[in-house]
Structure formats: structure tokens, C-alpha cells
Amino acid sequence: MRKDVRILLVGEPKVGKTSLIMSLVSEEFPDEVPLRAEEITIPADVTPERVPTHIVDYSEAEQSDEQLYQEISKANVICIVYSVNNKKSIEKVTSHWIPLINERTDKDSRVPLILVGNKSDLVEHSSMETILPIMNQYSEIETCVECSAKNLKNISELFYYAQKAVLHPTGPLYSPEEKEMKPSCIKSLTRIFKISDLDNDGILNDNELNFFQRTCFNIPLAPQALEDVKNVVRKNMSDGVKDNGLTLKGFLFLHTLFIQRGRHETTWTVLRRFGYDDDLELTQEYLFPLFKIPPDCTTELNHNAYLFLQSVFDKHDKDRDCALSPDELKDLFKVFPYMPWGPDVNNTVCTNEQGWITYQGYLSQWTLTTYLDVQRCLEYLGYLGYSIIQEQESQAAAITITRNKRIDLQKKQTQRSVFRCNVLGARGSGKSGFLQAFLGRNLGRQKRIREDHKSYYAISTTYVYGQEKYLLLHEVLPDFEFLSEADLACDVVCLVYDISNPRSFEYCAKVYKKHYLDSKTPCVIIAAKSDLHEARQYYSLSPLDFCRKHKLHPPQLFTCNTAEAPSKEIYTKLTTMAMYPHMTQSDLKNSTFWLRASVGATVFAVLGFAMYKALLKHR
């Protein structure tokens, strides 16, 4: 909502513009009226809407046309004052003032107008019969008020309506010509309905209506008030109430009724609570709350955020198959202005046999977005209404900033849940296959992936010592000379070479010596395509000798050319090394160490699956 309101009064001489202002300020009719009142500011605490209001007078005798044009351009709302007993002043409203104002304002953002009939104390009749056709002709006219500066009749109301025309404008909400809400307003209210429909059954039940009421207006509806609202809808439309709940049509009808009855502020209160500005766009402050990340820290979703995202998944997984079909995913993202996930996401996270994103894959994608681009994550959570449903100040409450990595190294332990592994290797070495194998896809399934749907990331869960962690693999393009600090920053490095290509290992050796020789980042060399015949590498040292020389773990044999899903053992090792970078290579070579880590992984993977099945059964 605007921080202040600027009201300009214009009209023919002697219609009582200055008297209206002075009567408002002094609460009595002035004995002497100057040619023009000075600009006055009404403090926020004495206005109904709690917004400072500036009231500006205009005098033809004291001001030039240029000064008038400047005031018109600065005004948020303009009151055109006429005298109810002076026909010429009424005629001038349409012959002079409205055309003049429209010439000086942008067509797409017309300033709202209030028609003010002053001196009602001098006549027995109303001017409304003459004024109503003018109101119907010009959509920018918000309302008309008849008043008397002498009797103080409707003076406060006049300035309240002017303030309201700025703070709760009709223009963006409603078309008087069509007598219906505008498409942008319908779109915004439809999103609000969908967010408030917590079980996604297309109906707002009493609990959901009460939560909506409390969220927007800070007070619940009494049971009888709820029934009264539904009865109003029932009387006016057949499909506005279903199973004793409010449908989308009924919800939109209620807001149309509020607007038609001059209760715009009700609809605006709802729209602003859900993040909309005066142009019915979600505000930058709502979508992107202030959020600073210190150096060497990462961003993760906290427990409450995961619970919220689980509830969003549950309400859209209609067939309860623990995966989102294309239609279910489309339905989930209806509250977004665009489709945020492209086909590459299906190759970034786990999917079922049909290629649909699973429950685990869904949470993994959110985890990846939070880690790589927290601003985008905040935006997405904003579209889903996180701060409203979770009753938080902003969606920043969903994010945890991890401890500086240097402190983790010093204390030899970490509280982080997401670890990044950069995967480097020459072209054709098997990097993409290594990423896809992490998602449980063997070579046969990988061959079905379209080139334009390829992803350079893969993320899923692993278990280390019984703790569930996310491992994020990032395939770094093999442009050796253009590797940036961002490309190299990670928790563990995978250097992949193709054992069947004699020139493949050389790239790994060069990258290691240039970037990781003196680094504290753990490195693992992956001997990919181990199902093929091993060729002798042309590099001066064999991969095994290279590892011995630099005290690295021996090359890890790996293939995704398997009948079943490829083994995940290597990914558990990578996560463990990322979690415990301080461990020496001798520790990492210890078979007991790996046995403890991997047994924990197996036990918790089985337990995790059993627990999820139980959860699903409960649902």
C-alpha cells in the first residue's frame, strides 16, 4: 500500500474548494476564505487508513496553468468540485476538467477522480441525476459525494473516499462497463483460492475459510457468520457452494459483491496479504525478502520448509503413487506465473519408470534450488504462499544458513545436510553416465534421454552413519582454461576417465595438479566404463601410480552398463569424504571405515523406505 496520499482539489472559481479544506481542518465554516488554502498534511494517526494525507488546493487567480499541470502530475487522486446550484460548474466537469486531467496523465495509469457536489445546503434537490450519466461515461470516476462546507455535511467522508480511491482503487479490480471483475483480478484471486485450499479438493471448507479469514483479517468467523456468507452465495448462484464449502466460483462471486457494494478495501486487504501491489503484481519485497549469505556458507531448507513442501506434494499427488504425473505437476504450479521446472529436472532427480518425478526427487529438486540459487527458491516459495500458510514474516524463515566451512574443518564436524561434488573429466569420459547412475539409471535408460533434456546436475540422498544427506553432483564442462573459482568450489571432487581411451586420464592429472594439488578438498579418481577393455594410458604415470604418488585413494572402478540399477556404493564414499574432509587417506583406505558407513547406508535406506510406505499407508 502507498506510504502517503496526495489529494488535489480543482474546479471553477467560487464552488467552495478552499472552504471544504478549511472546514475539514477547523471543523467549522470559515468567516473569511482566502483565495487559496496552503497545502496541509494530515498525520497518519488521525486518518482512517493510517496513511499521511496531503491536501492541495488550486486557485485560478493565484496559480498559472503550468503550476496546475505540475499539481495534476503529482496528485494521487483529484477531486473535481462543482456547486450543486450552479449548472455551469457542472457542465465544466465534462467540457473542461476531465479532458484537461486526461491530457496531463498517462492513459494506462489514469489518476482516480472524485466528483464533489458542494453547497448542498442551498438546494432542496440532488444533483445525482445529472452526475450519474457522467460517472457511467468515465471509468476513472471512482465516486460522487454531495456535501456542504457550511453545514460540515459529508466533509470527512469526502476526504475518506478520496483516500480510499488511492489506497483501494476500483480500476485494477473491476470493469464498470462489463459489470464484472477484470481478468488480472480473477487470476490473482484464483491463486489465493488455490493456496487457501489446503487439501486441493476445489472447495474451501469451514476450517480453510476460518484460516483464510484469520490470515487476512486477524479474526475468525463465527459459525453463524460462516453460514450467512454461504447463504448469500447460495441465493445468487447454484454452483457457488458444494459439500457445504465455498467453490472458486462462489469465492469470486463474494469479491465481486464486495466491490459492487463499495467494499473494495476487503478485496484489497486479501490481495495485499497475499503479496500483491496496486497493479496486481506480486511485489519484489514479497517474492525476494532481504537475505544475506556470509562467505563460505551454504543455504539449505529447514525442517519446517520440508514439512511444508511435503504437504504441497501430498495435496497434488491425487492418485497416491508417490510421484507427480505431468498433470499433477502442472496443477501444482498453477499458482506460478510460469512453469518453473523444465524437462531437464526429470534428468536431475529420481523419477519412476514412467519418468515422473518421485516424492524423493521432488524434495531433491527443492534442495538443489535452495543450494544453488536461494533467491529463486525464495521466489518459488512466495508463489506457493509459504509465509502465509506457515504464518511466518517471510519465506526467508524457510532457509538455514550453514556454518562457515572453515569452522567445520577446525571442529572436524559439520551440521550441513547438502554436499557438492564437482565431476570433471575429458569429453566422452563418462561424466554424464556417472551423474545419471546416481539416480538409478543404467546405460539402457540413459540412452533414452534427449540431448536437449540433458542436465549438468544430479541430486539424491545418501546415508552415512545412519544420517540422511543430499549429494549434489555437478558435471563441469571440460574447458580447461576457463575453469572459474565457482566451477571449482565444492566439498569433494570426482576426476573421471574412460579406461578404454588411452588419452582420457591425462586431463584428470592436469586438472588435479593445477587446481587440487595443494587443496584441502578431497579428490577421488573414477575409472569409468570398467566393463570395457582397459587401455594403457599415455600419461607418464599409470592412474594407480599417480594416486600413490599423490596419496589418493586408488582409482574406483565404475560402470553404468548393468542389467539393474548401478551400484550406489561410490556415492556413499563421496558423501563420507565430503562430510569428513579432515580424514587422512589412510583412514579412507581403511575397509572397516567404509564398511561402517555403507552398512549404515543400507540399513537406513531400507528403514527409510519402510517408514515412507507406512506414511503413505497412513495418508
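Trainee: What is the volume of the largest cavity, and what makes a space a cavity rather than a pocket?

Mentor: The largest cavity has a volume of about 80 Å³. On a 1 Å grid over the protein atoms alone, a cavity is a set of points where a 1.4 Å probe fits but cannot get out, whereas a pocket is an open set with protein on both sides within 12 Å along at least five of seven lines. Grid points are joined across faces, edges and corners, and the volume is the space filled by probe spheres set on those points. The structure holds two cavities of 30 Å³ or more. Keep in mind that this is a predicted model, where local features need pLDDT of at least 70 and side-chain atom pairs count only at pLDDT 80 or more, while totals for chains, interfaces and linings use all residues. Residues are numbered from 1 along each chain as its sequence is written, and side-chain values use heavy atoms, with hydrogens and water left out.

Trainee: What makes a residue part of the lining, and which residues line the largest cavity?

Mentor: A lining residue has an atom within 4 Å of a point. For the largest cavity, the lining includes Lys-405, Asp-408, Leu-409, Phe-419, Met-579 and His-582. Two elements, α17 (405-411) and α23 (569-579), each give two or more residues to this lining. Helix α17 gives the most, with three residues. Helices here are DSSP runs of H or I with at least four residues, strands are runs of E with at least two, and both are numbered from the N terminus.

Trainee: How is the lining of the largest cavity divided by class?

Mentor: It has five nonpolar, three polar and four charged residues. Ala, Val, Leu, Ile, Met, Phe, Trp, Tyr, Cys and Pro count as nonpolar, Asp, Glu, Lys and Arg as charged, and the others, Gly among them, as polar.

Trainee: How much space lies in the second largest pocket, and which residues lie nearest its centre?

Mentor: About 1,400 Å³ of space lies there. The pocket is lined by 43 residues, and Ser-139, Glu-142, Pro-169, Thr-170 and Gly-171 lie nearest its centre. Among the elements giving two or more residues to its lining are α2 (65-74), α4 (128-137), β6, α5 and α9. The largest share, four residues, comes from α5. By class, the lining divides into 16 nonpolar, 14 polar and 13 charged residues.

Trainee: Why does Lys-17 count as buried?

Mentor: Buried means under 20% relative accessible area, exposed means over 50%, and partly exposed lies in between (1.4 Å probe, protein chains only). Lys-17 has 7% relative accessibility, so it counts as buried. Lys-17 sits in helix α1 (residues 17-26). Beyond residues up to four places away in sequence, Lys-17 touches several others, including Glu-12, Asp-57, Tyr-58 and Val-81; contact means heavy atoms within 4.5 Å.

Trainee: Is Pro-30 buried or exposed?

Mentor: Pro-30 is buried, because its relative accessible area is 11%. Pro-30 lies in the loop between α1 and β2 (40-42). Leaving aside neighbours within four places in sequence, Pro-30 is in contact with Ser-19, Met-22 and Ser-23.

Trainee: How do you know that the span of helix α9 agrees with its 13 residues?

Mentor: The expected span is 1.5 Å times one less than the number of residues. For α9 (residues 248-260) this gives 18 Å, and the end C-alpha atoms are 18 Å apart, so the two agree. Among the buried residues of α9 are Phe-251, Leu-252, Phe-253 and Ile-259. Just after α9, Gly-262 takes a positive phi of about 80°.
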